[in-house]
Amino acid sequence: STPDLSTPPVVSSPDVLTPELPDVTDTPGTEQTNEEMKENLDAMMPILDSIIRVTGTTGDNEYAPDDPEFFWRVLHIMGSSWGTTHPFVEHSDDGFITVQTRVMGDFASAAFSSYSVFPEIPENLTESIQYDAENDEYVLSPNDTGGTYTYLDDVSTLQDGSVIVLVGLYDGVGNPEDLLGSVSFTLAPKPVANGNRSTNYLYSVTEAKKISN
C-alpha cells in the first residue's frame, strides 16, 4: 500500500547538463559512432546523478553496491527524481511514484554491474520505498535534490570498450567556480543480443571514485 506521508515534499527533477563529446576513436568490440555514444551516455546521466547524490563528493560515503542501504537509496533517487525519463514509471496525483519491478531491475543493472537480485529493503527506508506484491511494483516517496546540478565533464574510452566519465556536481549551472566535487565512473558496455535493445541503459557502472578538486 502507499505509505502514509501527509505532506510529501515538492519534487523538481534536477538538471543534467551534457556537453558535446570529444571525437572518439572506435575501439575493438565497439561499433558506436560519436553520436551514438553521446546518446548512450546521455541516457546514463540520471543513473550517475543518482549515485553521486548518495556518495556525495567528499567524506566517507563511498560507492558500495553490496550495501543494501546504499543500493536502495540510489534506486529511490533514480525512480523518484528521474522517473519521468523512463516511459514505464508513473507519478500519482499525491506525489508518489510507482516503478514496475522489471524497470527497477533495469535501473539496478545500470547502477551496479554486480547486480543479480534485489537485497531486502532496510527498515529505515521502508517509509520511502515499499513493494506492492499484488501489482509487482515499487511505490516511492517523492525526493527533492535541491539546487545542485550534475555535468558530464570528460569522457575517455578504453581498449576493451569500457568508458571512463568524469561527472561534476555543481552548485549552479555548470560554471567551473561552482564545482562542489567530481566523481570518476568506469562504465562497462552491456551485451546487446542481435542488436535488440531492450534497455534504456547500454552501460553498467563498475567503479566510482571521488576526485579531489
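**A walk through the chain**

Let's start with the contacts: among those in the chain with a separation of 6 or more, 62% join residues 24 or more positions apart, where contact means heavy atoms within 4.5 Å. Keep in mind that this is a predicted model, in which local features need pLDDT of at least 70, side-chain atom pairs count only at pLDDT 80 or more, and totals for chains, interfaces and linings use all residues. Residues are numbered from 1 along each chain as its sequence is written, and side-chain values use heavy atoms, leaving out hydrogens and water.

In sequence order they read β-α-α-β-β-α-β-β-β-β-β-β.

Now find the open sheet of four strands, ordered β2-β3-β5-β4 with antiparallel pairing; two strands pair if DSSP finds at least two bridges between them. At the edges sit β2 (89–91) and β4 (129–132), each pairing on one side only. Strands β3 (residues 97–100) and β5 (residues 137–140) are antiparallel partners over four bridges, and Val99 has Tyr138 in β5 as its bridge partner.

Two helices pack on this sheet. Helix α2 (residues 68–82) touches β2, β3, β4 and β5, its direction making about 80 degrees with that of β5. Helix α3 (residues 101–111) also touches β2, β3, β4 and β5, and its direction makes about 85 degrees with that of β3. Such angles run from 0 to 180 degrees between N-to-C directions, with axes fitted to C-alpha atoms, for helices over the stretch in contact.
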